[in-house]
Amino acid sequence: MSAISPDPALIKVRNLHQSFGSHRVLQGVDLDIYPNETVCLLGTSGGGKTVLVKHMIGLMQPQQGSIEIDGLDITKMGERELSSVRRKMGMMFQNGALFDSLNVAQNIAFPLREEGIKDIDELNKRVSEVLDIVDLSGQGEKMPSDLSGGMQKRVALARAIVVRPECICYDEPHAG
């Protein structure tokens, strides 16, 4: 249960259900997440934490229930509509999900390019800023395979924050 806040919830999950075959993963989940609030989902392996996060960023559609981001029900949106909502959400996947064919700077710039930013100076500036934040200055030309696991995690974090999202979802940020 979230603390009472005067702000409307940034994320509202209501009666969320999801199953995989006969395995019921989410069974009537309700959750409110408010601006500037930190929420940690704890549970057993296979308990549905990642599935819930994937629903909150629109990567999965629920079998039942709704998810609102800033008052918009994303469960009724198509991919085109979802892209504007996803700009508010950063995601750091459990394994980093870096593109092995792109160097560090290109991996970080990827979501900026998806947003339509083409100005090379702007891309370089934003990539450099987040590389500084994650203490990887000067590593932009390296390939993911040339980095340690911890460095790859930091590149994934840089990619999640480069778009300056309102909300960042981390899937097991301390794993590995």
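The questions and answers that follow treat helix packing, cysteines and one further residue.

Reply: This is a predicted model, in which local features need pLDDT of at least 70, side-chain atom pairs count only at pLDDT 80 or more, and totals for chains, interfaces and linings use all residues. Residues are numbered from 1 along each chain as its sequence is written, and side-chain values use heavy atoms, with hydrogens and water left out.

Me: How are α3 and α5 oriented to each other?
Reply: Helices here are DSSP runs (H or I, at least four residues), numbered from the N terminus. Axes are lines fitted to C-alpha atoms over the stretch in contact, with angles from 0 to 180 degrees between N-to-C directions. The axes of α3 (residues 104-114) and α5 (residues 149-161) come within 7 Å and cross at roughly 30 degrees. Because angles under 35 degrees count as roughly parallel, α3 and α5 are roughly parallel.

Me: How do the residues of the contact of α3 with α5 divide?
Reply: Contact means heavy atoms within 4.5 Å. On the α3 side V104, N107, I108 and P111 take part, and they meet V155, A158 and R159 of α5. Ala, Val, Leu, Ile, Met, Phe, Trp, Tyr, Cys and Pro count as nonpolar, Asp, Glu, Lys and Arg as charged, and the others, Gly among them, as polar. The division is five nonpolar, one polar and one charged.

Me: At what angle do α3 and α4 pack?
Reply: Residues of α3, among them V104 and I108, meet residues of α4 that include L123 and V127. The contact of α3 with α4 divides into ten nonpolar, no polar and two charged residues. The axes of α3 and α4 are 10 Å apart, and the angle is about 115 degrees.

Me: How many disulfides does a search of the whole structure find?
Reply: A disulfide is a pair of cysteine sulfur atoms within 2.5 Å. For C40 the closest cysteine sulfur is in C169, 12 Å away, which is too far for a bond. C169 is in no disulfide either, as the nearest cysteine sulfur, that of C167, is 4.3 Å away. The number found in the whole structure is zero.

Me: Is C169 buried or exposed?
Reply: Buried means under 20% relative accessible area, exposed over 50%, and partly exposed in between (1.4 Å probe, protein chains only). C40, at 60%, is exposed. The relative accessible area of C169 is 7%, so C169 is buried.

Me: What separates the C-alpha atoms of D132 and G65?
Reply: D132 lies in helix α4 (residues 120-133). With a relative accessible area of 47%, D132 is partly exposed. D132 and G65 are 67 residues apart along the chain, and their C-alpha atoms are separated by 40 Å.

Key:
Helices (H or I, at least four residues) and strands (E, at least two) are DSSP runs, numbered from the N terminus. Angles under 35 degrees count as roughly parallel, over 145 as roughly antiparallel, 65 to 115 as roughly perpendicular and the rest as oblique.
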